[in-house]
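Subject: Structure handover

Hi,

Here is the structure we talked about. My notes on its charged side chains follow below.

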Amino acid sequence: RFARSRAGALADRGYGDDAIRADLERRGIEPETIAAAIEELEPERERAAAVVTRRGGSLATARYLARRGFHEDVVEAAMAAGGTDAPRALR
C-alpha cells in the first residue's frame with residue numbers, strides 16, 4: 001500500500017517513472033512491488049504530454065522532464081507531439 005501511495009504522490013507532483021522507481025528503491029521496496037505500483041499509474045507518456053501542454057514545447061520543458069525522471073524516449077515523444085524536437089539539444 002505504501003508503494004502505491006508514494007508512487008501516486010510522486011506522479012501527481014510531476015515525476016516520471018525513473019524517478020519514482022529510484023525513490024522507492026531507496027526506501028527498500030522490492031522490485032516486484034515497485035513495478036506493480038508504477039503499473040497502476042497513468043502512463044508516463046500521458047503525464048509527460050500533459051506537462052508539455054501546460055509548459056509548452058520548449059527546450060526548458062524537455063530539460064524539466066529529464067530532470068524529473070522521465071525516460072528519454074518519453075521526453076522525445078512528448079516533445080514531438082508538441083511540435084518540437086528540443087530533446088535532441090539535450091544530447
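Asp18 and Arg21 form a salt bridge, with 3.5 Å between the closest N and O atoms. Keep in mind that this is a predicted model. Both residues lie in helix α2, 3 residues apart, about one turn of the helix. Asp18 is partly exposed, at 35% relative accessibility. Arg21 is partly exposed as well, at 31%.

Helix α2 holds another such pair. Arg26 bridges to Asp23, with the closest N and O atoms 3.6 Å apart. These two are also 3 residues apart in the helix, about one helical turn.

Asp17 and Arg47 meet in a salt bridge through their side chains, at 2.6 Å from N to O. Asp17 lies in helix α2 (residues 17-26) and Arg47 in helix α4, so the pair ties together parts 30 residues apart in sequence. Asp17 and Arg47 are both buried. Across the whole structure, the search finds 6 salt bridges.

Last, the surface. Arg54, Arg55, Arg63 and Arg67 gather there in a patch of positive charge. Helices α4 (44-55) and α5 (59-67) each give two or more residues to this patch. Arg55 lies in α4 and is partly exposed, with a relative accessible area of 40%.

Best wishes

Methods: Residues are numbered from 1 along each chain as its sequence is written. This is a predicted model: local features need pLDDT of at least 70, side-chain atom pairs count only at pLDDT 80 or more; totals for chains, interfaces and linings use all residues. Side-chain values use heavy atoms; hydrogens and water are left out. Patches are made of residues with over 30% relative accessible area and no salt bridge: like charges are joined within 9 Å, nonpolar side chains (Val, Leu, Ile, Met, Phe, Trp, Tyr) within 5 Å. Accessible areas come from the Shrake-Rupley method with a 1.4 Å probe; for residues, only the protein chains shown count as cover. A salt bridge is a side-chain nitrogen of Lys or Arg within 4 Å of a carboxyl oxygen of Asp or Glu. Lys and Arg count as positive and Asp and Glu as negative; His and the chain ends are not counted. The place of a charge is taken as NZ of Lys, CZ of Arg, CG of Asp or CD of Glu. Helices (H or I, at least four residues) and strands (E, at least two) are DSSP runs, numbered from the N terminus. Buried means under 20% relative accessible area, exposed over 50%, partly exposed in between (1.4 Å probe, protein chains only).
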